[in-house]
Amino acid sequence: PDVVLLCSDDPERHIIEAPAIVAEILSPSTADRDRNAKLKLYEDNGVSYYLIVDVKNNLVTGFKRDNDKFCEMESGETMVFNVCGSCQLSISIASIF
């Protein structure tokens, strides 16, 4: 992944628990893989939120875990994530670009 948010201490070697948020930055060579294979991979492995960042089109597509499946998040000027128990993270879409 291009960006990962963990709700634990930094791992010494490898991440052993599912990240709270994973973001992938699209490129022409990885776009199909990011939208399909990685979406399924992160969904199957317990990631809470998955973001696909399309820099070319200034677009962020977010997916939120709902039970065992991802559902697409509503788009807007700000994305809000409830992570790590009672922590909340807000990201302005404009700040990404």
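## A buried charged pair

Asp-34 is buried, and Lys-38 is buried too (buried is under 20% relative accessible area, exposed over 50%, partly exposed in between, using a 1.4 Å probe and protein chains only). The two make a salt bridge, with their closest N and O atoms 3.6 Å apart; that term calls for a side-chain nitrogen of Lys or Arg within 4 Å of a carboxyl oxygen of Asp or Glu. Glu-24 joins Asp-34 and Lys-38 in a network of salt bridges.

A quick word on the model: it is predicted, so local features need pLDDT of at least 70 and side-chain atom pairs count only at pLDDT 80 or more, while totals for chains, interfaces and linings use all residues. Residues are numbered from 1 along each chain as its sequence is written, and side-chain values use heavy atoms, leaving out hydrogens and water.

## Other salt bridges

The whole structure holds 4 salt bridges. Arg-35 pairs with Asp-54, closest N and O atoms 3.9 Å apart. That ties together distant parts of the chain, with Arg-35 in helix 1 (residues 31–35) and Asp-54 in strand 3, 19 residues apart. (Helices, H or I of at least four residues, and strands, E of at least two, are DSSP runs numbered from the N terminus.) Arg-35 counts as partly exposed because its relative accessibility is 41%, and Asp-54 counts as buried because its value is 11%.

Lys-40 and Asp-44 also meet in a salt bridge, at 3.1 Å from N to O. Both sit in helix 2, 4 residues apart, or about one turn of the helix.

Strand 2 (residues 21–25) and strand 3 (residues 49–54) run parallel over 5 bridges. Ile-25 stands opposite Val-53 in strand 3.

## Arg-65, without a salt bridge

What does Arg-65 do for partners? Arg-65, in strand 4, is buried yet has no salt bridge, and the nearest side chain of opposite charge, Asp-68, is 4.7 Å away (Lys and Arg count as positive, Asp and Glu as negative; His and the chain ends are not counted). Arg-65 touches Tyr-42, Glu-43, Gly-46, Val-47, Ser-48 and Phe-70, not counting residues up to four places away in sequence; contact here means heavy atoms within 4.5 Å.

Note on methods
Two strands pair if DSSP finds at least two bridges between them.
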